[in-house]
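Biologist: Before I take any label at face value, I would like to hear what stands behind it. Could we go through the terms one at a time?

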Amino acid sequence: MEQLTEINALEETKRLPAVKRSIWREIVKQKYAHMFILTGMLIVFVFHYLPMFGILMAFEDYSISSGIKGIFTSEWVGLKYFKEFVSAYNFNLIVTNTLAISLLKLLFTFPMPILLAIMFNEVRHQLFKRFAQTVSYFPHFISWVVVSGLLVIFLSTNSGIVNDLLKGLGLTEKSLPFLSSPNYFWGLAVTTAMWKEAGWWAIIFLAAISGLNPSLYDAAEMDGAGRLRRIWHITLPGIRGTIVVVLILAVGSLLGGGLVGSNFEQSYLLGNAMNSERSEILQTYAFKMGLAQGRYAYATAIDLLQSIIAIILVFGSNYLSKKITKNSLF
Amino acid sequence: MHRRTVEDRIVDTLNISLLVIIALVTMYPFFYLIIVSFNNGLDTSLGGIYFWPRDFTLNNYAKFLSDPKWLMAFGVSGLRTAVGAAVTIFFTCLTAYGLAYRNLVFHKFYFSFFIVAMYMSGGLIPYYVVLRSLGLLNSFAVYIVPGAVTIFFLIIAVSFFREIPAEMEESARIDGASDLTIFFKMILPVSKPLIAAMGLFIGVGQWNSWMDSAYFVNKDSLRTLTYRMMEVINQGMIPTDLASAERAAAITGVTTFSIQVTAMVIAVIPILLVYPFLQKYFVQGIMIGSVKG
C-alpha cells in the first residue's frame, strides 16, 4: 500500500506542471537551509512539543517510572484529579491568591512605566536624564534570588533598614513583620515587582514618546498650553497605540504576573509557612505537589487549569487588540 | 530658549526630586551590599551600618574563595554562562539562517511550528518527565541543551539575517560556496552585533538562573551560585540559632550573613561589568521582541 502511494506520488510529479515540479528542485537547492531548520525543529520538538503530549497525564493514573511511554499507556481516570483539586481545602485560597496578585500587579505595575517614561521625557538636563534612566533598569538584570536576599536583609525585623527607618520616623513602634506575616505579602509582591521592572518597561514608552513630532509641542506651547496640559493632550494620546499593545501583552501573561512576571519566583522565594495563606499560588502549589511530593498527575492537572486560563487570555487579548487597534501579535 | 513659567519650575523641581529619590531607592540596596561585604560580619550584626564599612575587612571574600561549596557553585555558574551562551547562539543562528533563506519552501509551516512553541507549553511536570526520560536530570547538560534553540532570539536573528544584502550571498554562491561555507565564513562574521547582543542576554539569563538547579538537579557538584544563595535565604527568613554561627565566626569575623552578602555582590558584579554593553543592544531587542505586530 505504501509503495503504491509512493509510485503514485512519483507518477504525479512527472505529470505535474513545471511550477510544482520546481518546488522539489527548490528544496534540493535549499537543502542546507532545510537541514538547519530541521535541527532546530528537533530541539524545539523535544523540549516544547513532547511536554505538550504530557498534558494527557492530567487525566491518567500516571506513574513516573513508566517514562514518556507511560503517557500513552497509563490508565485513563478522566477528571479525577481536577475534582480532587477543586475540592481541596485550600482551593479557594490558592485561586484567590493567584488572581489577586496578578490583578493587583496589572493595576499598579502597568501605569508605572508610562509615568516613569513621561518623567524621564520631561527632564531637560540630558546627562541627568540618561543617568536616571540607566539606573532605573539595572534591577531588571538581577536575579530574583538576589532581590529576595535584599528583601530579607532590608525588611528584617531585627535591625533591617526599612524597620529602622520607620521606627526612626515614628511611624511605627514595633518592627513590622513584613516577611513573616501574611498581611504584607500582596503589597510586597506588587512593590518589589515594580521596583525591579518599571524602569525596563519605561524604555519602550520612552521610545514611543521620542518618536512624537516636536512641532506639536511647540504649537501647543504657542497656544499657551503648560507642561501638564502638553503631557495630557500630546504625549499621552501620542503613545496610545504603544500603551494598548503593551497592555495586551500584560493581559496575555496575567497569571504569570503580567509585564513584570515573577509570580512564581516571588511566591517560591518569599513564601514561607508563616505567610502561605497569602503567598501560595497555583504555580507554587503545582510545584510542591509535583516535584516535591511526587504527585505528578495531580500537579499536571493543576498546571493544565492554569494553562487553559492563560491561553484564553492570550487569544482573548489578541482578538480584542485586532478589533480595537488593528494590531495583533499573530 | 523658552522662558520658564512658574508651572515649569514646579514641574521640574518635583520631577527631578522624585527621580533622584527613585534612583536612590534603586541603587542604595546594591551599595549597601557592597559596604557590608567589606565589613566584619560580627560587627555588621550589631547594626547601624548605612554608608560606609565600619570595620573594614577582606575576610568575607577570602572565606568565599576558600569555601569549596561556594567556589564550586561559582564555577558551575560561570561554566554554564559561557557554554550555554555559545551553544544557544550556534543553534539559534543556524536555525535562523535557514528560516531567513530567500523563497524558502514551507516557510509558513516552519514559522507556525516555532511560534506555536513560543506560546504553548506542557507545563513543568511533563517537561520534567521528558528530561527524566532523556537522562538529562542530574547532569550539566540540563542547563544547556533544552534552551539550545531559544525562540525569542530566533525571531530576532531571522529579522537580522534578512537585513544582510542578498548580493553578498549571491556572489559567494557564484564562486561556488555552499550554504555551510556561507553561514560560517560570511553570515556569522557580519553578525557580530547580533551575536554580541545574544551572548549578553543569554549569558545574563544563564548566570541568574536557579530554577533548573532547584528542579532538575540534586547533586552538590552541579548547584549554581544563585541556587546556593537561595538556600541561605530560605534558612535566613526564619530566625535560627545565631549563637552557634557566631561562635564559629569569632576568629575571622565571617558570619553566614556576611558571606551571603558577599556571594550576592559576586553574583551582581559580572552583570554590572557587562551592563554598559547590554545597554547598547537591548533597546532594539525589546522593541523587536515585544512589539513585532
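Modeller: What follows is a set of questions about how parts of this predicted model are labelled.

Biologist: Why is Val246(A) called buried?

Modeller: The cut-off for buried is 20 or more other C-beta atoms within 10 Å, and Val246(A) has 22 of them, so the residue is classed as buried. Val246(A) is found in helix α14 of chain A and, leaving aside residues up to four places away in sequence, it touches Ile204(A) and Leu259(A). The C-alpha atoms of Val246(A) and Gly226(A), which are 20 residues apart along the chain, are separated by 28 Å.

Biologist: How do you know that the span of helix α7 of chain A agrees with its number of residues?

Modeller: The expected span is 1.5 Å times one less than the number of residues. For the 12 residues of helix α7 (residues 111-122) of chain A this should give 16 Å, and because the end C-alpha atoms are 17 Å apart, the two values agree.

Biologist: Which residues of α7(A) are buried, and what do they pack against?

Modeller: The buried residues of α7(A) include Met112(A), Ile114(A), Leu116(A), Phe120(A) and Glu122(A). Within chain A, the buried residues of this helix pack against α6, α8, α11, α13 and α14, and they also pack against α1 (6-37) of chain B.

Biologist: What makes up the contact between chain A and chain B?

Modeller: The contact takes 74 residues from chain A and 74 residues from chain B. On the side of chain A that touches chain B, the largest share, 17 residues, comes from helix α3 (residues 31-53) of chain A. By class, that side of chain A has 49 nonpolar, 20 polar and 5 charged residues.

Biologist: Which domains does chain A have, and how many residues are in contact between them?

Modeller: The domain assignment gives domain 1 (2-78) and domain 2 (84-325) of chain A, and the C-alpha centres of these two domains lie 39 Å apart. In the contact between them, 8 residues of domain 1 of chain A meet 5 residues of domain 2 of chain A. The side belonging to domain 1 divides into 5 nonpolar, 1 polar and 2 charged residues.

Biologist: Which residues touch the most other members of the largest nonpolar core?

Modeller: Among the 155 residues of that core, they are Ala157(B) and Met229(B). The largest share of the core, 16 residues, comes from α11(A). Not counting residues up to four places away in sequence, Ala157(B) touches Thr92(B), Cys93(B), Ala96(B) and Leu194(B).

Note on methods:
Residues are numbered from 1 along each chain as its sequence is written. Chains are lettered from A and ligands numbered from 1 in the order in which they are written. This is a predicted model: local features need pLDDT of at least 70, side-chain atom pairs count only at pLDDT 80 or more; totals for chains, interfaces and linings use all residues. Two residues are in contact if their C-beta atoms, placed from the backbone, lie within 7 Å. Helices (H or I, at least four residues) and strands (E, at least two) are DSSP runs, numbered from the N terminus. Ala, Val, Leu, Ile, Met, Phe, Trp, Tyr, Cys and Pro count as nonpolar, Asp, Glu, Lys and Arg as charged, and the others, Gly among them, as polar. A residue is buried if 20 or more other C-beta atoms lie within 10 Å of its own, exposed if 12 or fewer, and partly exposed in between; C-beta atoms are placed from the backbone. Domain bounds come from an automatic or database domain assignment. A nonpolar core is a set of buried Ala, Val, Leu, Ile, Met, Phe, Trp, Tyr and Cys residues joined through C-beta atoms within 7 Å.
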